[in-house]
Amino acid sequence: MSAADPSAAPAAAAVADPSAAPAAAAVADPDGPDAVRLTWNTWPRSKVEASRCVVPLAATISPARVPDPSAASPPPLPYPPLRCKPPCSALLNPFARVDFAAKIWICPLCFSRNHFPPHYAAISESNVPAELFPQCSTVEYIVGGAGVPGVGGAPAPPPPVFLFVIDTCVIEEELEYVKMAMRKAVALLPEHALVGLVTFGTQVHLHELGFSDLSKIYVFRGTKEISKDQILDQLGLAGAGRPGFPKMPQQPGGPQVNGMHPPSTAGVNRFLLPVSECECALSTLLDELQPDQWPVEAGNRAIRCTGVALSVAAGLLGACMPGTGARIIALLGGPCTEGPGMIVSKDLSEPVRSHKDLDKDAAPHFQKAIKFYDGLAKQLVSQGHVLDVFASALDQVGLAEMKVAIERTGGLVVLSESFGHSVFKDSFKRIFEGGEQSLGLSFNGTIEINCSKDIKVQGIIGPCTSLEKKGAVCADTVVGQGNTAAWKMCGLDRNTSLTVFFDVSPSERSSQPGHQNPHLYIQFVTSYQHPEGQMRIRVTTICRKWVDGSTNTEELVEGFDQETAAVVLARYISLKMEMEEEFDATRWLDRSLIRLCSRFGDYRKDDPSSFSLHSNFSLFPQFMFNLRRSQFVQVFNNSPDETAYFRMLLNRESITNSVAMIQPSLISFSFDSPPSPVFLDVASIAADRILLLDAYFSVVIFHGMTIAQWRNMGYQNQPEHEQFAQLLQAPHEDAQMIIKGRFPVPRLVVCDQHGSQARFLLAKLNPSATYNSAHDVAPGSDIIFTDDVSFQVFCEHLQRLAVQS
């Protein structure tokens with residue numbers, strides 16, 4: 001079949017300006033000024049009614065998100081916050097009632113009366129502090145004053161610390177890519193940032209950058225686990241980081257750096273140096289760096305001691321920079337085959353563990369590696385340090401085992417096929433960039449949650465770890481990191497998101513008529529080291545309404561957030577799939593959806609045709625349909641490393657990004673209309689259309705058959721077909737806008753209809769047309785070879801079952 005001439009397209013049609021495309025349109029921030037979203041914005045008063053809501057009472061919060069410039073948020077406040085009297089300890093907020101005459105404020109969470117301190121003496125109805133402004137439900141305080149660092153008694157903020165751990169068991173070409181990436185990274189670092197270098201293969205090499213006369217290296221065997229004390233003894237740092245060890249001389253009036261332990265001079269000056277002092281030495285080391293020279297026998301894997309390398313890095317930071325924000329950035333090119341953390345033997349005849357092996361308990365190294373990384377996670381958390389992993393290999397490297405250490409320290413993770421791939425190169429560069437592209441990397445965070453008396457906290461899913469601070473706010477039921485009222489986040493950035501699960505536990509007094517407060521309050525208090533080095537306290541207080549769920553279903557429905565609900569359920573079932581053996585996620589989701597539709601749907605009993613859902617629920621079945629088919633539930637054809645990677649990002653990203661992971665967006669570009677969203681359905685494919693799919697981990701530009709033929713004939717290069725050239729360019733510009741604002745950088749796939757890489761699009765589409773219904777397919781469209789049910793069939797079954805309940 002010959003391709004039609006593009007001049008046959010309507011003469012009057014013009015390609016719309018790409019800036020008008022939905023992907024690039026300026027939209028209001030869906031997370032609001034507080035960066036908090038709840039599954040239900042009105043809460044039932046009783047535990048029974050809460051269980052009937054099916055979707056858990058939960059909130060997602062981005063505790064370090066940069067405020068929207070258009071929001072009316074005040075600058076950071078240069079004075080300490082006021083706290084309610086113990087045991088409440090909630091901070092002063094706009095929902096507090098204030099008696100200006102008596103200089104008293106009443107806490108909205110516990111109703112305690114608190115006196116304002118003397119420096120609030122000037123407070124009045126016309127002179128209120130920023131934390132009482134009605135629009136300032138989120139405020140930040142600078143701990144220790146807001147003076148210029150190093151001036152007027154304000155201590156100089158600690159420098160950021162980056163300890164690079166580089167795998168040399170890779171081929172020459174891959175190592176060259178690593179060197180290039182490292183040179184770019186060092187060039188982007190601020191001059192005062194401290195840098196260290198560990199390389200490893202069969203053995204671990206710790207480079208003493210402070211020894212400038214010649215290259216000095218400390219070598220550790222990779223065959224067995226080394227304790228922290230053994231590492232410090234070998235480095236001559238025995239006792240570092242412990243009481244009694246000599247400390248760095250202090251400046252007058254500054255015994256500690258922002259309340260953190262001062263670093264050890266001996267270790268810092270030897271192994272961790274400012275970029276300005278070691279850039280030349282580091283460049284020379286990188287130039288001389290060679291692939292691991294240890295011979296690899298035929299039929300064997302390279303001997304790689306990843307676990308020992310990370311232990312050495314953690315031990316060094318623990319001695320030199322205890323309690324100060326620091327990152328271990330590991331660049332891994334293959335699986336650990338020796339020593340602690342080993343995931344597979346050297347023998348190539350032994351395959352790396354699969355999901356089937358884990359299900360059958362046939363992965364001999366898995367539990368031992370998990371135990372090692374759990375211990376490493378506890379060490380890093382106690383030190384306040386972060387583990388970031390960049391895994392670039394065709395084989396698995398052990399992310400499934402490392403997940404506990406990465407997630408509990410709030411580390412970043414990137415998985416790619418090669419160090420030369422744009423996913424690695426661009427993502428690695430993004431860590432060190434400033435300005436608009438900055439990730440806003442922060443350190444040493446803690447988050448505390450204060451609630452109204454009738455609310456308990458079940459736990460958090462996300463990049464944090466429990467501080468085991470028991471309190472009245474702790475619920476009996478635990479989800480994720482629970483049984484605590486405070487959590488540690490060694491590393492967080494502007495996109496870091498946590499999911500907090502709540503339980504309703506009304507007291508007898510609050511259940512009595514006349515004692516019921518119509519509003520509930522939840523306060524999130526986040527303390528962290530800002531990228532500028534200051535310690536800050538961010539206070540977010542939200543207010544929502546109680547309703548009687550048994551008699552006031554309409555208000556419950558009006559307060560439902562279906563996007564947040566879909567993401568919360570995805571994170572919840574991902575946790576259950578990891579923690580519970582034989583958990584059937586698909587069946588659990590189906591039953592939950594049927595119960596939800598039966599509870600909140602509008603229908604006549606036993607009449608499926610009468611079934612309808614409120615607009616706040618209308619997209620939820622579609623989200624569940626795509627979640628059932630997603631990589632979070634269907635692990636077939638994914639390795640354990642890939643599954644761990646997908647789930648770590650699902651647990652830490654914002655609601656908007658997480659929704660894209662569950663249900664990708666699809667935009668159509670054609671001559672007939674401006675760029676516009678289309679259904680995520682195989683019927684959206686047309687020969688004269690270009691589709692842009694944003695599946696978060698990948699961005700796909702898909703050319704219909706006719707478009708591809710026109711392009712191959714070079715029509716876009718002819719002046720009379722400038723319109724066609726614009727059509728080809730528009731999705732690429734939108735794709736670059738998506739890629740520019742995302743971390744990790746997604747994989748860009750450019751493909752044609754019926755091409756091999758078209759699978760990246762077809763795998764995400766609703767199979768409304770399959771090989772069984774090929775006769776009904778429109779000309780130029782496509783079919784999907786699958787036995788999966790379509791969304792239409794799924795909805796028909798859902799309606800039939802929901803109206804029976």
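Q: How many bridges join strand 2 to strand 22, and in which sense do the two strands run?

A: Start with the general idea. Strands in a sheet pair through backbone hydrogen bonds, and the pairing is either parallel or antiparallel. Now the case here, in what is a predicted model. Strand 2, residues 42–44, is joined to strand 22 by three bridges, and the two run parallel.

Q: Which residue of strand 22 is the bridge partner of T42?

A: Look across to K545. That residue also turns up among the contacts of W43, together with W546 and V547.

Q: How many bridges does strand 22 make with strand 7, and in which sense?

A: Strand 7 covers residues 138–142, and five bridges pair it with strand 22 in the antiparallel sense.

Q: How many residues of strand 22 are buried?

A: Ten of the 13, in a strand that runs over residues 535–547. Strand 22 is thus mostly covered.

Q: In what order do the four strands of the open sheet lie?

A: Read them as 1-3-20-17, paired antiparallel. The edges are strand 1 (36–38) and strand 17 (455–461), each pairing on one side only. On average, neighbouring strands in this sheet are turned by 25° against each other, with direction ignored.

Q: How is strand 17 joined to strand 20?

A: By six bridges, in antiparallel fashion, with strand 20 at residues 498–504. I455 faces V504, and I461 faces T499.

Q: Why is strand 17 described as largely enclosed?

A: Count its buried residues. Seven of seven are buried, so strand 17 is largely enclosed by the rest of the structure.

Q: Which residues have the most contacts inside the largest nonpolar core?

A: W40, W43, F502 and F524, in a core of 131 residues. Helix 6 (residues 306–320) supplies the largest share, ten residues. A second, separate core has 36 residues, including L209 and L286.

Q: What does W43 touch, leaving out residues up to four places away in sequence?

A: Its contacts include L38, L57, I455, F502, V504, L520 and I522.

Q: How do helices 9 and 16 pack?

A: Again, the general idea first. A packed pair of helices is described by the angle between the axes and the distance between them. For helix 9 (residues 399–408) and helix 16, the angle is about 25° and the axes are 8 Å apart. An angle under 35 degrees counts as roughly parallel, so helix 9 is roughly parallel to helix 16. The contact includes L399, A400 and I406 of helix 9, and P640, A644 and M648 of helix 16.

Q: At what angle do helices 13 and 16 cross?

A: At roughly 140°, with the axes coming within 10 Å. Helix 13 is residues 562–579 and helix 16 is residues 640–652. The two helices are therefore oblique to each other. Helix 13 passes helix 16 in a left-handed crossing. A570, R571, S574, M577 and E578 of helix 13 make the contact with R647, L650 and N651 of helix 16.

Technical notes
Residues numbered from 1 in each chain as written. Predicted model: local features only at pLDDT ≥ 70, side-chain atom pairs only at ≥ 80, totals over all residues. Heavy atoms only, no water. Core = buried A, V, L, I, M, F, W, Y, C linked by side-chain atoms within 4.5 Å. Buried < 20%, exposed > 50% of the residue type's maximum accessible area, 1.4 Å probe, protein only. Contact = heavy atoms within 4.5 Å. Pairing = 2+ DSSP bridges. Axes fitted to C-alpha atoms, helices over the stretch in contact; angles between N-to-C directions. Parallel < 35°, antiparallel > 145°, perpendicular 65-115°, else oblique. Left-handed = near helix turned anticlockwise from the far one by under 90°.
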